[in-house]
Amino acid sequence: DQFKEAVVLGAAIGDDGQAEPLEFSDYMMHFLSIFWKVLFAFVPPTGIGRGWPTFVVSLMMIGAVTAIVKEFASLFGCAVGLKDSVT
């Protein structure tokens with residue numbers, strides 16, 4: 001169910017309860033973020049194990065994303081000639 005919600009592009013519901021039409025920016029943001037949506041769909045729902053598996057897996061995902069951002073910052077710093085202490 002989480003994976004279906006991550007992949008399917010749904011319309012937003014307005015204040016009047018009606019579905020609002022999708023715009024081009026909605027399609028673009030869905031396309032650009034689909035990787036992250038599917039990746040974080042692996043986090044188990046909170047109804048399992050009183051939320052502890054969700055908490056632990058979320059922390060691991062945050063750590064992994066932090067490591068990826070650190071690596072890209074280091075590569076960017078190397079490309080523009082910054083010291084390692086800056087990046």
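**View 1. Trp52 and Phe55 within helix 3 of the predicted model.** Trp52 and Phe55 lie three residues apart in helix 3, which spans residues 52-80, so about one helical turn separates the two. Their rings form an aromatic pair of the edge-to-face kind, with 5.7 Å from centre to centre and 90 degrees between the planes. Trp52 has a relative accessibility of 52% and is classed as exposed, whereas Phe55, at 46%, is classed as partly exposed.

**View 2. The aromatic pair of Phe35 and Trp36.** The structure contains four aromatic pairs, and in the one shown here the ring centres of Phe35 and Trp36 are 5.1 Å apart while their planes meet at 75 degrees, so that the pair counts as edge-to-face, the cut-off for this class being an angle over 60 degrees. Phe35 is exposed, its relative accessible area being 51%, and Trp36 is partly exposed, with a value of 36%.

**View 3. The aromatic cluster of Phe35, Trp36 and Phe40.**

**View 4. The salt bridge between Glu71 and Lys70.** Side chains that carry opposite charges can pair when their charged atoms come close to one another. Here Glu71 forms a salt bridge with Lys70, and the closest N and O atoms are 3.5 Å apart, where the rule requires a separation within 4 Å. The count of salt bridges under this rule comes to one. Glu71 is partly exposed, with a relative accessibility of 43%.

Key: Residues numbered from 1 in each chain as written. Predicted model: local features only at pLDDT ≥ 70, side-chain atom pairs only at ≥ 80, totals over all residues. Heavy atoms only, no water. Salt bridge = Lys/Arg side-chain N within 4 Å of Asp/Glu carboxyl O. Buried < 20%, exposed > 50% of the residue type's maximum accessible area, 1.4 Å probe, protein only. Phe/Tyr/Trp six-rings, centres within 6.5 Å; stacked < 30°, edge-to-face > 60°. Helix = DSSP H or I, 4+ residues; strand = E, 2+ residues; numbered from the N terminus.
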